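User: I am new to this structure and would like to go through it step by step. Could you take my questions one at a time and show how each answer is reached?

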Amino acid sequence: MAENNYRLVVDATDENLHTVLGFLEEHLEEHDCPFKVIMQISLAIEEAFVNVAHYAYEETGTADFDLYFEDGAVTITMTDSGMAFDPLAQEDPDVSLSAEERGIGGLGILLVKKTMTSVEYKREDDKNILIMRREY
Amino acid sequence: MEIIKTLEGNKLTVALKGRLDTTTAPELEGELKGSLDDITSLVMDFKDLEYISSAGLRVLLQVSKIMNGKGEYKIVNVCADIMEVFEITGFIDILTIE
């Protein structure tokens, strides 16, 4: 019987993206998550993690990942100690604009919202806590 | 990620293999920068591309802006998972996908 809780702490840098995704994919596979869903969760986590890597800290800092599995669902909690930022408070980009008018901002968080079943943000003890749940 | 470029006259085909993500998108940007000056037809072949994130979308959008007015730009052989990302982000309407 596989365990239900896993934790990873990394420095929030682009170089660690594949460490994070490798950790995630390994445990999702152990818990019989379908390949297609693993891909979608990877996408959400890449977007969320890269946001922290690029914007949360003036210098560098860490991102913590906690995975919690229940029957047919995973909850991924990402915590950082960077500046307060609620990704869910940002307006969604206008996806109907033409290529010339389109900026690229906000697409990452849109992908997080669309690929996860639910996403919640909390600010606690000077930490940003993003709770992403996906049923499968 | 592997990037295979094939040039025939003014037509450039760029085949991508693997993952177009935060760590690999700058490679593609670097490969294309400066290679598009005389190009009037650009085809991106996604047959062996498995994954794309917003970093990859950013490069596709930049290329679209460069190619606009210069000629044809299309993406071919897109798998279902990547098509879904194009749908969510509205890229399906701004890129020519065959």
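User: Which residue of S2(A) is the bridge partner of Arg7(A)?

Analyst: In this predicted model, strand S1 (residues 5-11) of chain A pairs with strand S2 (residues 62-70) of chain A in the antiparallel sense, over seven bridges. Arg7(A) has its bridge partner in S2(A), and that partner is Asp66(A).

User: How many bridges join S2(A) to strand S3 of chain A, and which residue there stands opposite Tyr68(A)?

Analyst: S2(A) and strand S3 (residues 73-80) of chain A run antiparallel, and the number of bridges joining them is eight. The hairpin of these strands, S2(A) and S3(A), has two residues between the strands, and in it Gly72(A) takes a positive phi near 70°. As for Tyr68(A), the residue opposite in S3(A) is Thr75(A).

User: Is H1(A) roughly parallel or roughly antiparallel to H2(A)?

Analyst: Helix H1 (residues 17-30) of chain A packs against helix H2 (residues 35-56) of chain A with the axes 10 Å apart and at an angle of about 150°. Because angles over 145 degrees count as roughly antiparallel, H1(A) is, relative to H2(A), roughly antiparallel.

User: What is the handedness of the crossing of H1(A) and H2(A), and how many nonpolar residues does their contact have?

Analyst: The crossing of H1(A) and H2(A) is right-handed. Among the residues that make the contact are Leu17(A), Val20(A) and Leu21(A) of H1(A), together with Ile38(A), Ile41(A) and Phe49(A) of H2(A). By class, the contact of H1(A) with H2(A) has three charged residues and one polar residue, while the nonpolar residues number ten.

User: Which strands are the edge strands of the open sheet in chain B?

Analyst: The open sheet of chain B is formed by four strands in the order S1-S2-S3-S4, and their pairing is mixed. An edge strand here pairs on one side only, and this applies to strand S1 (2-8) and strand S4 (72-76) of chain B. From one strand to the next the twist averages 15°, and the edge strands are S1(B) and S4(B).

User: Is Leu16(B) buried or exposed?

Analyst: Leu16(B) belongs to strand S2 (residues 11-20) of chain B. Leaving aside neighbours within four places in sequence, the contacts of Leu16(B) include Met1(B), Ile3(B), Met44(B) and Phe46(B). A residue needs 20 or more other C-beta atoms within 10 Å to count as buried, and Leu16(B) has 24 C-beta neighbours inside 10 Å, so Leu16(B) is buried.

User: Which helix supplies the largest share of the side of chain B that touches chain A?

Analyst: The two chains meet through 18 residues of chain B, which are in contact with 21 residues of chain A. Helix H2 (54-67) and helix H3 (80-89) of chain B each supply at least two residues of the side of chain B that touches chain A. That side has six nonpolar, eight polar and four charged residues by class, and its largest share, six residues, comes from H2(B).

Conventions: Residues are numbered from 1 along each chain as its sequence is written. Chains are lettered from A and ligands numbered from 1 in the order in which they are written. This is a predicted model: local features need pLDDT of at least 70, side-chain atom pairs count only at pLDDT 80 or more; totals for chains, interfaces and linings use all residues. Two residues are in contact if their C-beta atoms, placed from the backbone, lie within 7 Å. Ala, Val, Leu, Ile, Met, Phe, Trp, Tyr, Cys and Pro count as nonpolar, Asp, Glu, Lys and Arg as charged, and the others, Gly among them, as polar. A residue is buried if 20 or more other C-beta atoms lie within 10 Å of its own, exposed if 12 or fewer, and partly exposed in between; C-beta atoms are placed from the backbone. Two strands pair if DSSP finds at least two bridges between them. Axes are lines fitted to C-alpha atoms, for helices over the stretch in contact, and angles run from 0 to 180 degrees between N-to-C directions. Angles under 35 degrees count as roughly parallel, over 145 as roughly antiparallel, 65 to 115 as roughly perpendicular and the rest as oblique. A crossing is left-handed if the near helix is turned anticlockwise from the far one by less than a right angle, and right-handed if clockwise.
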